[in-house]
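Colleague: Before I rely on the labels attached to this model, I would like to hear what stands behind each of them. Could you take me through the terms one at a time?

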Amino acid sequence: SSVSGNARDKLLSFWQTLTFISNALLFFFAGVLTISLLISEIDEVKLKARGVSPIGFFLAAVVPLPVIYSFQFLLRGFWILLLIPFMRRLDIKIDLKKAVFLNFAALRGAVNLAMVLIVAVMPRTELAVSVKFFLVLWATGFVLMTLFINAPGEWRRVPTPSPRAPR
């Protein structure tokens with residue numbers, strides 16, 4: 001069955017709005033859980049790192065973030081370029097310009113945050129508190145870096161569809 005042009009546009013608008021709301025809720029709840037975990041576990045992590053200076057703790061927590069971001073960016077670009085021939089065989093037209101756009105605009109954090117939230121609620125017997133702390137910290141930092149680095153310029157690169165002729 002087919003949907004008329006006007007109804008199709010309204011359906012697309014509805015689904016885009018629903019997607020936006022669900023993403024906003026996911027990021028909100030993930031942020032609340034992440035902050036509560038970091039606050040509740042920071043004392044135990046500090047106790048285990050007694051011999052570490054505040055600068056050393058800061059370096060261990062923050063320095064890996066640009067490295068994680070860079071490797072993720074490079075790996076995502078590598079996989080996109082590697083999969084272009086397969087996408088072309090499926091009649092998906094992807095040129096280098098679209099591949100670069102995909103690398104910048106690819107999903108940035110919902111799956112990452114969902115997975116780290118699973119790790120965050122694991123019992124202490126399965127995963128050390130300090131490991132959970134740094135995984136949550138790095139995952140959250142990665143998501144924030146992609147939001148602050150990729151997202152601001154993304155709107156300028158979004159390909160806009162040409163207006164359709166009335167039916």
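**Labels and their cut-offs**

Modeller: Of the 167 residues of the protein, 27% count as buried, where buried means under 20% relative accessible area, exposed over 50%, and partly exposed in between, with a 1.4 Å probe and protein chains only. This is a predicted model, in which local features need pLDDT of at least 70 and side-chain atom pairs count only at pLDDT 80 or more, while totals for chains, interfaces and linings use all residues. Residues are numbered from 1 along each chain as its sequence is written, and side-chain values use heavy atoms, with hydrogens and water left out.

Colleague: How many helices and strands does the protein have, and what makes a run a helix?

Modeller: The protein has 7 helices and 0 strands, with the pattern α-α-α-α-α-α-α along the sequence. Helices are DSSP runs of H or I with at least four residues, strands are runs of E with at least two, and both are numbered from the N terminus.

Colleague: Why is the pair of Tyr69 and Phe73 called stacked?

Modeller: Rings of Phe, Tyr and Trp (its six-membered ring) pair if their centres lie within 6.5 Å, and planes under 30 degrees apart count as stacked, over 60 as edge-to-face and the rest as tilted. The ring centres of Tyr69 and Phe73 are 6.1 Å apart and their planes stand at 20°, so the pair is stacked. Both residues lie in helix H3, 4 residues apart, about one turn of the helix, and both are buried. Ring pairs also link Tyr69, Phe73 and Phe142 into a cluster.

Colleague: What makes the pair of Phe28 and Phe29 edge-to-face, and why does Phe29 count as partly exposed?

Modeller: Phe28 and Phe29, 5.4 Å centre to centre, have 65° between the planes, and the pair is therefore edge-to-face. Phe29 has 48% relative accessibility, which lies between the two limits, so this residue counts as partly exposed.

Colleague: Which residues touch the most other members of the largest nonpolar core, and what makes a set of residues a core?

Modeller: A nonpolar core is a set of buried Ala, Val, Leu, Ile, Met, Phe, Trp, Tyr and Cys residues joined through side-chain atoms within 4.5 Å. Of the 20 residues in the largest one, Val45, Tyr69, Leu113, Val116, Phe133, Phe134 and Val136 touch the most other members. Helix H1 (5-48), H3, helix H5 (110-120) and helix H6 (129-149) each supply at least two residues of this core, and H6 gives the most, with 8 residues. Another core, of 5 residues, lies apart from it, with Ile80, Ile84, Met87 and Ala99 among them.

Colleague: Why is Leu82 called partly exposed?

Modeller: Leu82, in helix H3 (residues 64-89), has a relative accessible area of 38%, between the two limits, and is therefore partly exposed.
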